[in-house]
Amino acid sequence: AVLSEGGPIYVHGDLQSDIFLDRLKLGKAQRIVVATDDDFFNLDIATRVLARVPKLGENIIVHVADLSLLRAVDATRVARECTTFNTFHVAATHLVRTELLEWFQHTVEDDIVVLGGFGRFGQTVLDELQVHAGERFNKVVIIDPNIVAQAALFDEQVGFRRDHYEHFLISSDLASPETWKEIEKRFDLQNHTPAFVLGSSNDATNIRSALSVQKMYKETRAFARVSEHSSFAEDLAKDTGVRIISLAALLGESMPSTWFGR
């Protein structure tokens with residue numbers, strides 16, 4: 001879509017075609033946003049545009065969902081000169097700075113954080129916690145069916161701050177009641193003020209798990225990650241106290257209006 005004073009103009013074509021890119025007259029553009037769900041495609045198109053219109057530079061805005069890929073291409077020209085953004089980083093930053101830091105201020109020093117799902121979102125949340133709240137918790141319990149591989153990836157790329165907290169890895173499914181029984185038995189959460197961040201790739205599982213732990217523990221705060229805004233989830237949050245973290249909503253709110261010429 002091309003934004004103009006009269007509104008968006010929709011153009012169909014193949015962005016990987018040099019002929020089509022030339023027809024777009026990119027030299028007249030103020031900004032270009034590349035935000036498909038294919039990271040490599042986004043980076044490739046940004047590279048092609050940058051080669052044609054170097055002056056656009058940081059006004060070429062590229063979405064990269066895979067944090068490991070974003071770190072891997074950090075030294076490339078497109079990463080240095082264009083503006084890259086990541087949905088999970090936006091959501092994690094918002095969660096930590098506006099919700100969890102406030103929660104920690106009203107809890108005891110030996111806070112426990114339970115991360116359900118340790119994919120891109122969960123890893124980014126822990127990264128943000130380490131940077132902005134490293135002294136406010138002393139245990140992190142991480143649940144994921146593929147926890148060994150995910151934890152190894154995080155440790156290699158970011159690193160667990162072992163000097164600030166202990167971390168415990170649970171290879172299990174959030175949807176299983178046995179998972180929560182095991183965690184309660186091992187960590188005695190009834191005598192703590194845990195914060196639960198349920199961020200698996202399954203929205204329904206996140207919401208069910210958040211509702212479950214909200215009922216189990218009187219002194220807790222539970223967050224459920226969802227991909228899209230949902231009126232049902234919003235009403236559910238009002239009725240139960242569960243916090244809903246919508247990736248799509250947070251991304252929209254975080255995009256500076258200058259990105260779109262406003």
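Strand β6 (residues 112-116) is mostly covered in this predicted model, with 5 of its 5 residues buried, where buried denotes under 20% relative accessible area, exposed over 50%, and partly exposed the range in between (1.4 Å probe, protein chains only). Strands are DSSP runs of E with at least two residues, and helices are runs of H or I with at least four, both numbered from the N terminus. In a regular strand the side chains alternate between the two faces of the sheet. The model is predicted, and local features accordingly require pLDDT of at least 70, side-chain atom pairs count only at pLDDT 80 or more, and totals for chains, interfaces and linings draw on all residues. Residues are numbered from 1 along each chain as its sequence is written, and side-chain values use heavy atoms, with hydrogens and water left out.

Strand β6 belongs to an open sheet of 6 strands in the order β8-β7-β6-β9-β10-β11, with parallel pairing, two strands being taken to pair if DSSP finds at least two bridges between them. From one strand to the next the twist averages 15°, with axes fitted as lines to C-alpha atoms, for helices over the stretch in contact, and angles running from 0 to 180 degrees between N-to-C directions. On one side, β6 is joined by 5 bridges to the parallel strand β7 (residues 139-143), in which K139 is the bridge partner of I112. A further 4 bridges join β6 to strand β9 (residues 195-198), again running parallel, and here G116 has L198 as its bridge partner. Between β7 and β8, which also run parallel, there are 5 bridges, and I143 is partnered by I170 of β8.

Helix α6 packs on this sheet, touching β6, β7, β9, β10 (221-226) and β11, and its direction makes about 160° with that of β6; contact here means heavy atoms within 4.5 Å. Together, β6, helix α6 (residues 120-132) and β7 make a right-handed β-α-β unit, a crossover being right-handed if, with the strands pointing away from the viewer, the path from the first strand over the helix to the second runs clockwise. Helix α8 (residues 177-187) lies across β6, β7, β8 and β9 and runs at about 160° to β7.

An open sheet of 3 strands is also present, with the order β3-β4-β5 and parallel pairing. Its edge strands are β3 (32-34) and β5 (83-85), each of which pairs on one side only, and neighbouring strands of this sheet are turned by 15° against each other on average, direction ignored. Strand β4 (residues 60-63) is linked to the parallel β5 by 3 bridges, and T83 of β5 is the bridge partner of I61. Helix α2 (residues 39-52) packs on this sheet, touching β3 and β4, with its direction at about 165° to that of β4.

Over the whole chain, 11 helices and 11 strands are assigned, and 45% of the 262 residues count as buried. Along its principal axes the C-alpha trace spans about 65 × 40 × 30 Å. Among contacts between residues at least 6 apart in sequence, 69% join residues at least 24 apart.
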